[in-house]
Amino acid sequence: MVIPIDIIVLLIHLGSPKFQGIQDEECDHLIEVAKDKLQKSMVADSRTGKSIESTVRTSKGMFIRKAQDEVVAGIESRISVWTFLPVENSEAIQILHYENGQKYLPHWDYFQDKANQVVGGHRIATVLMYLSNVKKGGETIFPQSEMKESQLKTDEDSECAKKGYAVKPKKGDALLFFSLHPNATIDPRSLHGSCPVIEGEKWLATKWIHVRSFERKQVSASRKERLQGGNPQST
Ligand SMILES: *[C@@H]1O[C@H](CO)[C@@H](O)[C@H](O)[C@H]1NC(C)=O
C-alpha cells in the first residue's frame, strides 16, 4: 500500500476487509458485462464540451448503468463510503480497455467548458479501479505531483512511468484523487494520464464524482420550478 500525500489521497486494496472491497470476482464481472460493448473512447472538446474522437485517448470503453445489478450497486455504495461523497453525485461507472500501446495522454478530469458543468457542476474526485494486472506499462501517472522526484523507479517501470508519480495497476486496487482543492478551485496538479500498455492488457473502471447531484431528473425538476416561478421572457 502506498499513500503519497499530495494529490493521491488513497491507494487501497479493495479486497481489504475494512472496506469489504471489490473482489476478483467483482472485477471479472465488470469486465464480463463490458467486453462485448466497447467503443472507441471519446474526449470532451475543451471549447464546446461535445464528445469527440481524439488521438490523445486511444482506449475503448463503455458506461455501465448505475446500480444495473447488485454487484455494480454494491461497488457504487462502497465508493460513496470511502470518498464521503454521495452516490447521486457520481456518473455511471466507465469501463476502459487498453492494449497494444493504447494510452490516455495527461489530462484533467475537471471540465474546461461550461456545458459539461450544467449537471452536477465540476468533477471533484475520481476513483480508478484496476480490474486486471498489466504485464508491462499501463501505469497511471501524475506528471505534476510533488511526489514524482522522490518516487524510486525500477526496471519494472515503463519509460513513460518515469515522467511522473506512477501507480502500477494491480487487480483489485483502487485509486482516489481529487481534481478540486477543498476550497472548490481547480487543482492543476491533478493532471494524470495512462501510460501505453506495452505487454498484456489493462482493464480499468472509472468513477467520476461531481460537486452536486448528477441525477438529471432533479435538474429538470428544478428547471421546471424556475419556469413555473414565472420568467417574463417565456410567457
Ligand atoms: C484555494 O486553495 C488553494 C490550495 O490551498 C490555494 O492555492 C488557492 O489560492 C485557494 N484559492 C482561493 C480563491 O482561496
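This is a predicted model: local features need pLDDT of at least 70, side-chain atom pairs count only at pLDDT 80 or more; totals for chains, interfaces and linings use all residues.
Helix 2 covers residues 70-83. Its 14 residues should span 20 Å at 1.5 Å a residue, and the end C-alpha atoms are 20 Å apart, which agrees. Val72, Ile75, Ile79 and Thr83 of this helix are buried. These four cover an arc of only 65° around the axis, so they sit on the same side of helix 2. Glu70, Ser77 and Val81 are exposed on the other side. Just after the helix, phenylalanine 84 adopts a positive phi of about 60°.

The largest nonpolar core holds 39 residues. Met129, Leu131 and Leu204 touch the most other members. Helix 1 and helix 2 are among the elements that each supply at least two residues of this core, as are strand 10 (140-142) and strand 11 (165-167). Strand 8 gives the most, with six residues. Beyond its neighbours within four places in sequence, leucine 204 is in contact with Leu96, Leu128, Met129, Tyr130 and Leu131.

Valine 119 lies in the loop between strand 7 (104-107) and strand 8. With 16 other C-beta atoms within 10 Å, valine 119 is partly exposed. Valine 119 and serine 213 are 94 residues apart in sequence, yet their C-alpha atoms are 7.5 Å apart in space.

Methods:
Residues are numbered from 1 along each chain as its sequence is written. The expected span of a helix is 1.5 Å times one less than its number of residues. A residue is buried if 20 or more other C-beta atoms lie within 10 Å of its own, exposed if 12 or fewer, and partly exposed in between; C-beta atoms are placed from the backbone. The arc is that of the directions from the helix axis to the C-beta atoms. A nonpolar core is a set of buried Ala, Val, Leu, Ile, Met, Phe, Trp, Tyr and Cys residues joined through C-beta atoms within 7 Å. Two residues are in contact if their C-beta atoms, placed from the backbone, lie within 7 Å.
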